[in-house]
Amino acid sequence: MKKASTVEEVIALIPSTTRIFLQGGCATPLSLVDGLVSAANRFKHSEIIHLHTSSSAGYADPKYKESFRVLNLFVGAQFRPLIDYDQVDYLPCFLSEMPQLFRKRIVAPEVSLIHVSPPDTHGYCSLGTSVDITKAAIEVSKLVIAQINPKMPRTHGDGFIHIDQIHAFVEVNDDIPELKPKPLTKIELAIGQHTSQLIENGSTLQVGIGSIPDAVLAALTNHQNLGLHTEMWSDGAIPLLEKGIINNTLKSIHPGKTVSAFVAGTKKLFDYIHDNPAVVLLDVAYVNNPRVIAKNRKVVSINSAVEIDLSGQVCADSIGTHVISGVGGQIDFIRGAALSDGGKPIIAMTSRTKNNQPRIVPVLKSGAGVVTTRAHVHHVVTEYGSVDLFGQSIAQRAKSLISIAHPDDREGLERQWHEAIGKTSRKMKPSSC
């Protein structure tokens, strides 16, 4: 086995001007990130690229502007106030296509900083909780630096990397960063109940992390023979897996296996996936490929939204022009579910934001990004019920969406809808000769 080095020694191997990939989520290599920040003055105009990370993002501090530029493929909470589209930028891309950015060398890292389990008797380490785009980053990087951690779960699937593929490493014994679930509110539980009524026995689910996915999963205790094929999952699925409600037996591809590209959650989740052959983590280019998703029957994709307009356009990554997350895998799975035999794409959201602002609006905010187009959207769920917009005209969609808006918003939405019709009619009225 290679000799372990110190953080300072391995960071010193990185060229002063380069593009650096950071493994993300719960697998963020925090010791190596700290080393980067400590050595910031040695770097000049290097670019750090990643999905959501668990780090404090010290390298994005304006004082390091000459050292680091940050390119987010998904904007985490710690980066939202820092986005300036200069030092801290965002690259919109479907999650399924992000590995192509690397493999086609459109935006390819030269260095990858990763977080792995110790090597087994054959010399193979595991990428643990996050395979996603990390596999592609490693393939194209000239320099791969790892922090090896016995607390990183060893996962089956595409995430194995031989110790000989790692150019340098440090040994750590750190707890894996956790994302702990929040107590569910009455509103979220109501959304979960409405959504669960759309899910048939034998469905294959795509669920993410957060209160609404957890509320949906909590409402599925009387279902049978569910499957899981999802870009990511969390603790909320564990009770259904342990009870055999999610057993993956009816899936067309990977029967008997829970499939994802990464996981995020607590130590309970990490212990569950550790060396569990019924759980596989695969390259996200495969997991999120709509053609792959559609091979399973009755795929139900459950995603959320920042806001949706009365025609069905869904904004999920920004508030106006300010990006707060990313395109992610929403459209990958909405399209995959729509193509699946008996599939159902679902947008599930609270009728109002935490600041009591409507999520169902006449028109999206100026500059808002349309992640899911009006042609892609099917089911929409709030705490007031569900509607299916597929096959509905613009006028029918408006009426349907108003019916599940917050009761205090409905009258205003109807008025603004009719005012908009009037304005459109006047603009389109033929001029007299």
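Helix α6 spans residues 211-218 and is mostly covered, with 7 of its 8 residues buried; buried means under 20% relative accessible area, with exposed over 50% and partly exposed in between (1.4 Å probe, protein chains only). Helices (H or I, at least four residues) and strands (E, at least two) are DSSP runs, numbered from the N terminus. The model is predicted: local features need pLDDT of at least 70, side-chain atom pairs count only at pLDDT 80 or more, and totals for chains, interfaces and linings use all residues. Residues are numbered from 1 along each chain as its sequence is written, and side-chain values use heavy atoms, leaving out hydrogens and water.

The buried residues of α6 are S211, I212, P213, D214, A215, V216 and L217. Their cover includes α5 (186-196), β11, α7 (238-242), β17 and β22, where contact means heavy atoms within 4.5 Å.

Helix α11 (residues 330-339) is also mostly covered, since 7 of its 10 residues are buried. Among them are I331, F333 and I334. The elements that cover the buried residues of α11 include β11 (204-206), β17 (299-303) and β22 (344-348).

In an open sheet of 6 strands, the order is β12-β11-β17-β22-β24-β25, and the pairing is mixed; two strands pair if DSSP finds at least two bridges between them. At the edges stand β12 (227-228) and β25 (385-388), each with a single partner strand, so one side of each is left without a neighbour in the sheet. Strands of a sheet pair through backbone hydrogen bonds, either parallel or antiparallel. Strands β11 and β17 run parallel and are joined by 3 bridges, and T204 stands opposite V299 in β17.
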